[in-house]
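Biologist: I would like to learn how to read a model like this one, feature by feature. Could you take me through it slowly, giving the general idea before the particular case?

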Amino acid sequence: MTSTSNKSARRLPGVTRRTFTGSAIAAAAVAGVAPFNIVRGQAAALKVGVILPKSGPQAFFGQSCQRGIDIAPALLAEMGYNVKLDVTSVDFETNVDLARSRAEKLVNDGAHVLIGPFDSGAAGAIAQVAEQKGVPFMINIAAAPQITEQGYKYVFRNFPTAPMLIGNGLSLMKEFFKATGATPKTAVFMHVNDTFGQASARGVEALFPRLEMPFKILETISYDPAARDLSVEVAKAKASGAEMVMLVSRLNDSILLVREMVKQRFEPMGIISPGSPGMYEEQFFTTLGKFSEYCVTNVPWYNPKSEIAQKVAGAFRKQFPNDRLIGHIFNVGFSFESMMIVADAYQRAKSTNGQALAEALRATKIDKRVMIGGAIQFNEKGQATTIASAALQNRNLEPKVVLPAEAQELKPVFPVPGWNNRG
Amino acid sequence: MSGPRRAAPGGRARVLLGLLLALLMLLPFVVNPYLLSVLTLILYLAYVGQAWNVMMGFAGQLSLGHSLYVGLGAYVSAALFVHYGVPPALGFLAAILVALVFGAAIGFLAFRFGVSGVYFALLTIAFAEFTRIGFDHFDWVGGSGGFFLKVAQRDYNDLVNLRGSPEMFYYLLLAMTAGCFLLCHRLMQSRIGFYWLAIREDQEAAQAVGIDVFRYKMLAVMLSAALASLAGVFTAFFNNNLFPFQIFGIEKSIEIILGPIIGGLGTLFGPILGAFVLTVLAEGLRGTMEALGVVLPGVKQVFYGICLLFVIMFLPHGIWPSLRRRLGLDSDGRR
């Protein structure tokens, strides 16, 4: 071996025995200090690639999520996370094909972990890139259950699946009735017939018997999301004689529906949504005023009593003084938590290596969180299982948490006062 | 003299096309995975744009609902694979068949009952929309909750089941685009191509000289539908998840038609050039903005709008016809 090396050294122009020996010593020295590179690696910044739909049909939600990402680095440092986060955010324009390409670009540019994307289709596309490249992918918001059923090793989701959302929403209804001591015997189920509404309706249909709900659905009424007039639907609902309205809506139709109920003097025990947008949104309050009061929506929500949630709220108000927290907290909360989970994993992994980060993510246990629920933990599929829903009741023109008890801001009211006795 | 002069541009075109194909075949060896994904996107838009071009560019029938055929191809092949284990190498035949049936239905309704122009375009949108709504409620393929294909990490490329690396998908799409280009070239040199052009330019005159207008318009619609459905098969197995609002949406249809319009409607190379120009400019613009630290979501859409305005105002026939003249490739005016 030695003779071969010497021959090789002799053959190379300009390489003498002295320079060869010097190089060998230098190489040995580099090899000797190599373990210190690991130490240096720990101090390196974790490159976080964020993929969100900041333009296109989902632009509002993507930009809302971005606010949660923006407040994270400074707030996490303030909370004691001793990690450097180098965040690069990209827009996938609400286009699944671009989501995949953006993920490739981020990984190519050196992202150690990916976060996003507020869309199940995009999440499915990004997950494939993450899995192929061995880069952990933390899903902030996307509900399709199949994403975490693919056997992926690098995909984690801190958001409930669609069946979990509806299941939590329906279960919370039972608790709501128990807490108020009033249980309706019958209900009319009204839902918007768009993609989301149909999916929710199917979820309700499947889970309703299994959860042994205390009331009977007398009639199911679906309606167009672009309807200008819901008088017929409300008349049908009133004629059914149901004691409660269970509603899966969007914003505009929920406003139309309540207006029509007021007009037709349809005064059920209450309007409760098992989990849909509309009734807790800013526009609902500004348009309906006192008639927006007492409507109930069961959704994942931030815990106003949690110390971290209060810090997030404070940071949000400071960084975005012109935005109302209530309109963004759902997206901000989950997006911030994604950053927190990633920072926590990096702190424990002490490495930017994908496999080490994935293992650290799998071992996540964060007790103090922003959203309502148990400690942040993932099952073997990478799915968070402890996210709960809150019952939000509109009070004083704001959604207030009335359940669960540990996050309660106000006591729930049910049956609700008549239309003319509000405000 | 006129013979050799006419042959020269054709020969030059063939050489340039050969060089382009060779370059596209070599690119995966030198580009990074991100650029490969951008190239795949370009080829996808070029292919599906070419499919649309058959109907609008060659036969003059405006479809604003071409996502219908892409979506049908995607769902049919994916459903056969997931529920019955039929590989896409066979499933694509069923995808084509279903797209043909839908294309034939639209064509028959429109051409038999004299629906044309903007009303025909509305009919195509209507079909795409009600199919989307139908699939929203079609639980067998996941309904609005989405249809997911099982993703398998494999060490080898399985072309039969379309499971493999991004390079495999790139080469498959390259083959599809090249095949589609050659097919369209042959068609445009054939009697069918000349009939389509006659119908596009003046339907009544074409009918007056004995062209079976109904038959050839049906042929254009069905061929276009069949080609577009193959893009759907690719999409299904590349993305591994399908959502009705994403695959049948009007945005998808608009995305399909932008390339051919910008590149050059009714030309063979226009859809390819249009897809390339739009994608590269969009990515370049985004990269430049990123490098400058400017965060302006939606700037690409504004840019697309400006591009369209520019093309409509200064290059009403698209980029390729004028570029073709500059390159001295203007032999028959249709390449």
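**Reading a predicted model**

Modeller: Let us begin with a single side chain, bearing in mind that the model is predicted.

Biologist: Where does Phe316(A) lie, and which residues does Phe316(A) touch, not counting residues up to four places away in sequence?

Modeller: Phe316(A) belongs to helix α11 of chain A, which covers residues 307-319. Leaving out residues up to four places away in sequence, Phe316(A) touches Arg67(A), Ile71(A), Leu325(A) and Val332(A).

Biologist: How should I read a helix, and what does α5(A) show about being covered?

Modeller: The general idea is that an α-helix has 3.6 residues a turn, so residues three or four places apart point the same way. In this structure, α5(A) is mostly covered, with 11 of its 14 residues buried. Among the buried residues are Gly121(A), Gly124(A), Ile126(A), Gln128(A) and Val129(A). As for its length, the 14 residues of α5(A) should span 20 Å at 1.5 Å a residue, and the end C-alpha atoms are 20 Å apart, so the two values agree. After α5(A) comes Gly134(A), whose phi is positive, near 70°.

Biologist: Now the sheets: what is the order of the 5 strands that form an open sheet in chain A?

Modeller: For any regular strand, the general idea is that the side chains alternate between the two faces of the sheet. Here the 5 strands follow the order β2-β1-β3-β4-β5 in chain A, with parallel pairing. The edges are β2 (85-91) and β5 (155-157) of chain A, each of which pairs on one side only, and the twist from one strand to the next averages 20°. Strand β1 of chain A, residues 46-52, pairs with β2(A) in the parallel sense over 7 bridges, and within this pair Leu52(A) stands opposite Asp91(A) of β2(A). Against the sheet packs α3(A), which touches β1 and β2 of chain A and whose direction makes about 170° with that of β2(A). Helix α12 of chain A, residues 329-349, lies across β1, β2, β3 (113-116) and β4 (137-139) of chain A and runs at about 165° to β3(A).

Biologist: How is chain A divided into domains, and how many residues does each give to the contact?

Modeller: Chain A is divided into domain 1 (46-159 + 304-362) and domain 2 (164-299 + 390-421), and their C-alpha centres lie 31 Å apart. The contact takes 6 residues from domain 1 and 9 residues from domain 2 of chain A.

Biologist: And how many residues does each chain give to the contact of chain A with chain B?

Modeller: The general idea is that the size of an interface is often given as the accessible area lost when the parts come together. Counted in residues instead, this contact takes 27 from chain A and 26 from chain B. On the side of chain A, the elements that give two or more residues are α3 (59-78), α4 (96-108), α5 (120-133) and α7 (195-210), and α4(A) gives the most, with 7 residues. By class, that side of chain A has 6 nonpolar, 12 polar and 9 charged residues.

How values were computed:
Residues are numbered from 1 along each chain as its sequence is written. Chains are lettered from A and ligands numbered from 1 in the order in which they are written. This is a predicted model: local features need pLDDT of at least 70, side-chain atom pairs count only at pLDDT 80 or more; totals for chains, interfaces and linings use all residues. Two residues are in contact if their C-beta atoms, placed from the backbone, lie within 7 Å. Ala, Val, Leu, Ile, Met, Phe, Trp, Tyr, Cys and Pro count as nonpolar, Asp, Glu, Lys and Arg as charged, and the others, Gly among them, as polar. The expected span of a helix is 1.5 Å times one less than its number of residues. A residue is buried if 20 or more other C-beta atoms lie within 10 Å of its own, exposed if 12 or fewer, and partly exposed in between; C-beta atoms are placed from the backbone. Domain bounds come from an automatic or database domain assignment. Two strands pair if DSSP finds at least two bridges between them. Axes are lines fitted to C-alpha atoms, for helices over the stretch in contact, and angles run from 0 to 180 degrees between N-to-C directions.
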